[in-house]
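Okay, thanks everyone, let's get going.

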Amino acid sequence: MSRNTRPYLPRDGAALADGQRQSQRSLPVTQRIAVASQKGGVGKTTVALHLALAFAERGHPTLLVDLDPQGGIGHVLAKGDSALPGLADQLMGVVTPAEAVCHTRVPGFSLLPRGRLDPTEVVEFELALRSPGVLASALEAHEEEYDYVVLDTPSGLGMITRAALTAAHWALLPIQALPLGVRSVSQVLRVVEHVAATDNPKLRLLGILPTMAERQKEPSQAVMNDLWSGFDGVLDTVIPRADVYAEASLRGLPIGFMGGRPSPEARRFDALAGELGQHMTLSAMESYDVSRPQRELL
């Protein structure tokens, strides 16, 4: 990244020892997280939205970026295809980066919508994002203000998802807790490994997130067991299947913003943000090469 960096000091309470603090290597201020899946219908956009919101509510300024040509975030928030300027407008030079961002009523939580994109221009949008350095440069224009940038990608492992992984520091992989979902895990991991080996050595797996889990149903429980026993990086947090997500989408709201009694599902994303924040903190600390003198206990 071309802009200045500062040591990554986590806000989640993980303090560094003095020796580590003096010797740590600098990491980018903003951590980019690409939320990607091989297949549709896994709740990817729901995860991206609620995770970004949870980071912001934990005190981390966060930007949620909609890379889906269909405008998934806009649809979830009932803003339609062309109500908001955004990334497409920024890439075309129609608006400035500041004008492309939509600031929400939640302090520290902002959106970079897909923008006003004609259906006939989708291919050009995909090609532009896949061009080397274009997405990274577009994101850098915003990142001075944010701790996290969450990238919501389209379904599948096509050009835009590859571009997001190439620009990201972390890959978060929602996997539907059904037999068809678990079969796609190896495919997504293969793409992440390939991008890390060829295009983006900074890319690391942040976690495999089971979604739409139904613990009371045997097929779903069997898939969960297969994930936990067969793959590294499966998260402790699980997103269950619940009607509240569809209801919230119909209202154009995050689940925690609906009236009535608070849904317990809203708290799951706070737990997810905490788990992922801790993982990123520990991964950063493990990369430090600190030599310590021998000490005596007694």
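**A walk through the model**

So, the chain has 13 helices and 8 strands; these are DSSP runs, H or I of at least four residues for helices and E of at least two for strands, numbered from the N terminus. Now the caveats: this is a predicted model, where local features need pLDDT of at least 70 and side-chain atom pairs count only at pLDDT 80 or more, while totals for chains, interfaces and linings use all residues. Residues are numbered from 1 along each chain as its sequence is written, and side-chain values use heavy atoms, with hydrogens and water left out.

Some overall numbers, then. Of the 298 residues in the chain, 49% are buried, and buried here is under 20% relative accessible area, exposed is over 50%, and partly exposed is in between (1.4 Å probe, protein chains only). Accessible surface comes to about 14,600 Å², with 51% of that belonging to carbon and sulfur atoms; that's Shrake-Rupley with a 1.4 Å probe, and for residues only the protein chains shown count as cover. If you take contacts (heavy atoms within 4.5 Å) with a separation of 6 or more, 77% of them come from residues 24 or more positions apart.

Let's start with α6, residues 122-130, against α8: the angle is about 25 degrees and the axes are 8 Å apart. The axes are lines fitted to C-alpha atoms, for helices over the stretch in contact, and angles run from 0 to 180 degrees between N-to-C directions. That angle makes α6 roughly parallel to α8, since the cut-offs are under 35 degrees for roughly parallel, over 145 for roughly antiparallel, 65 to 115 for roughly perpendicular, and oblique for the rest. The crossing of α6 past α8 is left-handed, as in the near helix being turned anticlockwise from the far one by less than a right angle; clockwise would be right-handed. On the α6 side you've got Phe125, Glu126, Leu127, Leu129 and Arg130, and they meet Met159, Ile160, Arg162, Ala163 and Thr166 in α8. By class, the α6 and α8 contact divides into 6 nonpolar, 1 polar and 3 charged. Nonpolar is Ala, Val, Leu, Ile, Met, Phe, Trp, Tyr, Cys and Pro, charged is Asp, Glu, Lys and Arg, and the others, Gly among them, are polar.

What about α8 and α10? Helix α8 (159-167) packs on α10 (185-198) at about 50 degrees, with axes 10 Å apart. So α8 is oblique to α10, and the crossing is right-handed. Arg162, Leu165 and Thr166 of α8 make this contact with Val191, Val192, His194 and Val195 of α10.

Is Thr153 buried or exposed? It's buried, at 0% relative accessible area, even though Thr153 sits in the loop between β5 (148-152) and α8. Beyond four places in sequence, Thr153 touches Val35, Ala36, Lys44, Leu67, Thr161 and Ala164. Leu151, in strand β5, is also at 0% and counts as buried. Its contacts beyond four places include Ile33, Val65, Leu139 and Ala168.

Asp236 is exposed, at 64%, in the loop between α11 (218-230) and β8 (239-240).

Most residues other than glycine have a negative phi.
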